[in-house]
Amino acid sequence: MDKVSKIIPCMPSSRSPDNPNTISRRQFAQTAALAAAVLSPPATALVAGVSPAPLPGPGAVASVQPDNLGLNPAQKKEVEAKLANIVRKYGSRLSNEQREHLGHILAYNERMLASIRNVPLENGDAPATVLKLAAGEDSK
């Protein structure tokens with residue numbers, strides 16, 4: 001038996017007798033698809049919103065509350081959602097101090113973005129500045 005048949009017994013080997021170490025593109029694709037299917041989480045877990053990575057304890061996100069900094073409830077909710085997403089992705093690598101610092105940074109950034117988001121803007125609006133290229137000093 002060759003290596004591929006040992007890993008995946010149902011997969012026949014159609015290797016050439018000249019070079020026993022070759023594998024066809026079709027065999028490689030089938031092996032890669034099977035390995036991906038085996039290693040991926042079940043579809044029901046993805047639909048239910050369960051993350052395949054282990055999540056930190058339930059009090060990890062709730063214990064870190066971002067600064068208010070004069071944010072309205074919608075902005076606070078957005079900051080908390082962003083913080084929860086970061087903790088979901090990188091929670092195992094973050095200490096409590098880093099989580100608190102992230103909450104402060106996100107709240108501060110949300111406060112700065114509030115003035116930008118208040119500007120009414122449509123898709124057809126012209127840019128505020130236009131780039132004008134000049135070939136040299138004498139072209140104005």
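1. Let me start at the N-terminal end of helix α5, which asparagine 72 caps: one of its side-chain oxygens lies 3.1 Å from the backbone nitrogen of alanine 74. The side chain of asparagine 72 also reaches the backbone nitrogen of glutamine 75, at 2.7 Å. A polar contact here is a pair of N or O atoms within 3.5 Å; within protein, one must be able to donate a hydrogen and the other to accept it, and residues adjacent in sequence count only if both atoms are side-chain atoms. Asparagine 72 itself sits in the loop between α4 (59–62) and α5, and at 38% relative accessibility it counts as partly exposed. Its C-alpha atom is separated by 9.5 Å from that of arginine 111, 39 residues apart along the chain.

2. A word on what you are looking at. This is a predicted model, in which local features need pLDDT of at least 70 and side-chain atom pairs count only at pLDDT 80 or more, while totals for chains, interfaces and linings use all residues. Residues are numbered from 1 along each chain as its sequence is written, and side-chain values use heavy atoms, with hydrogens and water left out.

3. Now the overall picture. The protein chain has six helices and zero strands, in the order α-α-α-α-α-α along the sequence. Helices (H or I, at least four residues) and strands (E, at least two) are DSSP runs, numbered from the N terminus. Of the 140 residues, 16% count as buried; buried means under 20% relative accessible area, exposed over 50%, and partly exposed in between (1.4 Å probe, protein chains only). The chain exposes about 11,300 Å², with carbon and sulfur atoms supplying 60% of that area; accessible areas come from the Shrake-Rupley method with a 1.4 Å probe, and for residues only the protein chains shown count as cover. Among contacts between residues at least 6 apart in sequence, 47% join residues at least 24 apart, where contact means heavy atoms within 4.5 Å.

4. The expected span is 1.5 Å times one less than the number of residues. Which residues of α5 are buried? They are Gln75, Val79, Leu83 and Val87. These cover an arc of only 105° around the axis, which puts them on the same side of α5; the arc is that of the directions from the helix axis to the C-beta atoms. An α-helix has 3.6 residues a turn, so residues three or four places apart point the same way. On the other side of α5, Pro73, Ala74 and Lys77 are exposed.

5. Helix α6 has 22 residues and reaches 31 Å from its first C-alpha to its last, close to the 32 Å expected at 1.5 Å a residue. Its buried residues are Arg99, Gly103, Leu106, Ala107, Glu110 and Ala114. Histidine 104 and valine 79 are 25 residues apart in sequence and 9.5 Å apart in space, while alanine 84 and glycine 103 are 19 residues apart in sequence and 9.7 Å apart in space. Histidine 104, at 32% relative accessibility, counts as partly exposed, and so does alanine 84 at 28%.

6. The largest nonpolar core is made up of six residues: Leu71, Val79, Leu83, Val87, Leu106 and Ala107. The elements that give two or more residues to this core are α5 and α6 (96–117), and α5 gives the most, with three. A nonpolar core is a set of buried Ala, Val, Leu, Ile, Met, Phe, Trp, Tyr and Cys residues joined through side-chain atoms within 4.5 Å. Leucine 71 touches Lys76, Val79, Ala107, Glu110 and Arg111, not counting residues up to four places away in sequence.

7. Glutamate 110 lies in helix α6 and is buried, with a relative accessible area of 3%. Leaving out residues up to four places away in sequence, glutamate 110 touches Leu71, Gln75, Glu78, Val79, Lys82 and Arg117. Glutamine 75, in helix α5, is buried with a relative accessible area of 14%. With that exclusion of residues up to four places away, glutamine 75 touches Gly70, Glu110 and Ala114.
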